[in-house]
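Here is a walk through one structure, part by part. Keep the sequence and the 3D view open while reading.

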Amino acid sequence: MNRRTFFVLLGVPGAGKGTQAKLLEDRLGIPQISTGDIFRYNLKNATELGILAKSFMDKGELVPDEVTIRMVEDRLTQADAQAGAVLDGFPRNLVQAQAFDKITEPYGGISLVPLIHISDEEAMLRITGRRVCRTCGAVYHVEFNPPKQEGVCDLDGGELYQRNDDLPDTVRNRLYVYYKQTSPLIGYYFAKGLLVELDGNQAIEQVQDQLMSLLAMKVAVA
Ligand code: AP5
Ligand code: MG
């Protein structure tokens, strides 16, 4: 089978995984696959999956593994993912990581796992100021990455909204869930020689430059 390139972005909620994955998508020509975005898309369209996911997302809990893994498997069969993908928000626990190893094994496995470091205080600031475009999903921050016109997406003029799970109490639980369930993946990927770490406390463009240099060092990317 053809080799594919898979990058898995790790980091606390608000670390900038979505922001960086979107930039990588444009630069590398492989799609961002964000499980959170797929759940939100389903919720917007009131599908069964969206309604199920909402009950977990609103509390900051993980959606059941079986549902999430099947959804990623399906997404990877689509035409735009035939050369690989940048995974954002998946895998999120050891069960998902082991399943993803099996899924990617025929294509040469995961290429690299960049871990974006920021503090919990910074995560709170970033998440509570985040605004997302209702139509295209572009991500802004009221202070750190503001749109040209308040409340309006630069790309398509869509309305910017605050995610339901971006309220302080839910964010604290998302951080707790991250430390309990997702942070063991740091050791898991370190042991496989796939982990690289970067400082997320810099401007978006600088984090992207760091990321591109790390990818270029480890794997042949343009
Ligand atoms: P998900 O949508 O994945 O949310 P998350 O992991 O909590 O991560 P965020 O999207 O909050 O942060 P991010 O790292 O993408 O940061 P961003 O780039 O937006 O998941 C939501 C929910 O869905 C989960 O809680 C769970 O219920 C469910 N779910 C999803 N995946 C699942 C899975 N695999 N299994 C089970 N359940 C799952 O940036 C944040 C803000 O900071 C933005 O405003 C941005 O503009 C700003 N910013 C970014 N970079 C910088 C920078 N360098 N400097 C200043 N500001 C910056
Ligand atoms: Mg995100």
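A residue is called buried when its relative accessible area is under 20%, exposed when it is over 50%, and partly exposed in between, with a 1.4 Å probe and protein chains only. This is a predicted model, in which local features need pLDDT of at least 70 and side-chain atom pairs count only at pLDDT 80 or more, while totals for chains, interfaces and linings use all residues. Residues are numbered from 1 along each chain as its sequence is written, chains are lettered from A and ligands numbered from 1 in the order in which they are written, and side-chain values use heavy atoms, with hydrogens and water left out.

A place to begin is F6, which is buried at a relative accessible area of 1%. Rings of Phe, Tyr and Trp (its six-membered ring) pair if their centres lie within 6.5 Å; planes under 30 degrees apart count as stacked, over 60 as edge-to-face and the rest as tilted. By this rule there are 5 aromatic pairs. One of them joins F6 and F100, edge-to-face, with 5.8 Å from centre to centre and 80° between the planes. The two residues are 94 apart in the chain, F6 in strand β1 and F100 in helix α5. Helices (H or I, at least four residues) and strands (E, at least two) are DSSP runs, numbered from the N terminus. F100 has 0% relative accessibility, so it counts as buried. F6 and F100 also belong to one aromatic cluster with F90 and Y107.

Most residues other than glycine have a negative phi, and most peptide bonds are trans. The bond between F90 and P91 is cis, with omega about -10°, and P91 lies in the loop between β3 and α5. A46 is not a glycine, yet its phi is positive, about 50°. This residue sits in the loop between α2 and α3, and A46 counts as exposed because its relative accessibility is 52%.

Next comes helix α4, residues 65-76. The expected span of a helix is 1.5 Å times one less than its number of residues. For the 12 residues of α4 this gives 16 Å, and the end C-alpha atoms are 16 Å apart, which agrees. Its buried residues are D65, V67, T68, I69, M71, V72, R75 and L76. Among the elements that cover them, by contact (heavy atoms within 4.5 Å), are β1, β3 and α5.

Two strands pair if DSSP finds at least two bridges between them. Strand β5 (residues 130-133) is joined to β6 by 3 bridges, and R130 has H141 as its bridge partner. A hairpin is formed by β5 and β6, with 5 residues between them, and G137 in the turn has a positive phi of about 80°. On the other pairing, β5 and β7 share 2 bridges, with C133 opposite L160.

Lastly, a charge sits over a ring if NZ of Lys or CZ of Arg is within 6 Å of the ring centre and within 35 degrees of the ring normal. The charged end of R134 is placed this way over the ring of Y161, 4.5 Å from its centre. That of K59 sits over the ring of F56, 5.8 Å from its centre.
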